[in-house]
Amino acid sequence: MIELARLRALHAVSLYGTVFAAAEALHCTPSAVSQHLGKLEREIRAPLVEKDGRRLRLTELGRVLAGHAGRVLAAVEEAEAAVAAHRDTVEGRVTVASIATACRGLLPHALETLAAEHPDLTVAVREGNPNVGLDLVQRGLADLAVADDWPEAVLELPPGMSHLELGFDVADLLAPAGRFTGPVALADLFGERWISATPGAICHTWLLRVLPGVRPDFLIDEFATQFTLIERGFGVALVPRLARTGVPAGVDVLEVTPPPTRRMVVVWRTAAGNRPAIRATLEALQGAWAALTTIKNEDPF
């Protein structure tokens, strides 16, 4: 009989390519991963991995067994979720990976709700771009990820993931006071000096796709710093409403036509979706989004 721990080690190596990365994902030592692989190879009397420079490459049999391991581990997680659902107790720990704007504008409301309604649940938050969040969920280092999905920069979900659409977030033009009278046509903005997130951030990629040929003069990840530069007259920026908190008086917020829009989603491993803690967190995020939508309709940020 193949032990579950050995299948976990092989599956982790198949995902991350090195013993060290697999050990990090499994919260164990590299030597433990190597021992599990060695014992598994001795049990089946065939090599499962081979060295490829600094990485490990799975043999043909290793790939076959890793595929089975993935399905077995998903079934185990699904069984654990079913047991937790039977108890119907919202407790334990949930880790949420989230993009920065949701950490600022969405999560505080959801965290307050969870703290009030489920005091036995501990929620941890880890900020990062959408691809980092998806990777953390896939690796089991996070339970849910709050991510954004632009029409011009579509987010691709890995296999075995489920998602919930929260809604759509519109980006507006932030410009020095008096620079424009809105709404502003997107096509009229090519000649402006642009302030954007740094390369690699999804907002940076999205801007370059919406306005091909634009090259931002200022690459700043923190929105508060972007607002300061805009107020001083150094440039303009497209900023999603979810990110727009604390806009200085010297900055105008103007609608853009056509309106740039992104989809906000929450992603989790399908096998874990029945856990009461995950369901409660999803409900809290939906409630937080509904509250923000009400605020935006009454007084857009």
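Me: Helices are DSSP runs of H or I, at least four residues, and strands are runs of E, at least two, numbered from the N terminus. Which helices each supply at least two residues of the lining of the second largest pocket?
Reply: This is a predicted model, with local features needing pLDDT of at least 70, side-chain atom pairs pLDDT 80 or more, and totals for chains, interfaces and linings using all residues. Residues are numbered from 1 along each chain as its sequence is written, and side-chain values use heavy atoms, without hydrogens and water. A pocket is an open set of 1 Å grid points over the protein atoms alone, where a 1.4 Å probe fits, with protein on both sides within 12 Å along at least five of seven lines; lining residues have an atom within 4 Å of a point. The helices are α5 (100-105) and α8 (202-210).

Me: Which helix gives the largest share of the lining of the second largest pocket?
Reply: The lining has 17 residues, with Ala100, Thr101, Ala201, Asp221 and Phe223 closest to the pocket centre. Three residues form the largest share, and they come from α5.

Me: Which element gives the largest share of the lining of the largest pocket?
Reply: This pocket is lined by 27 residues, and Leu73, Glu77, Gln138, Gly140 and Arg269 lie nearest its centre. The elements giving two or more residues are α1, α2 and α4 (60-87). The largest share, seven residues, comes from α4.

Me: What do the buried residues of α2 pack against?
Reply: Buried means under 20% relative accessible area (1.4 Å probe, protein chains only). In α2 (residues 19-26), Val19, Ala21, Ala22, Ala23 and Ala25 are buried. Their packing partners are α1 (4-16), α3 (30-44) and β2 (55-58).

Me: How do α2 and α3 lie relative to each other?
Reply: Their axes are 8 Å apart, and the helices pack at an angle of about 105 degrees. Angles of 65 to 115 degrees count as roughly perpendicular. α2 and α3 are therefore roughly perpendicular.

Me: Which residues of α3 make the contact with α2?
Reply: Contact means heavy atoms within 4.5 Å. From α2 come Val19, Phe20, Ala22, Ala23 and Leu26. From α3 come Pro30, Val33 and Ser34.

Me: Which residue follows α2?
Reply: Val19 and Ala25 are among the buried residues of α2, which covers residues 19-26. The residue after the helix has a positive phi, near 60 degrees, and is His27.

Terms used. Buried means under 20% relative accessible area, exposed over 50%, partly exposed in between (1.4 Å probe, protein chains only). Axes are lines fitted to C-alpha atoms, for helices over the stretch in contact, and angles run from 0 to 180 degrees between N-to-C directions. Angles under 35 degrees count as roughly parallel, over 145 as roughly antiparallel, 65 to 115 as roughly perpendicular and the rest as oblique.
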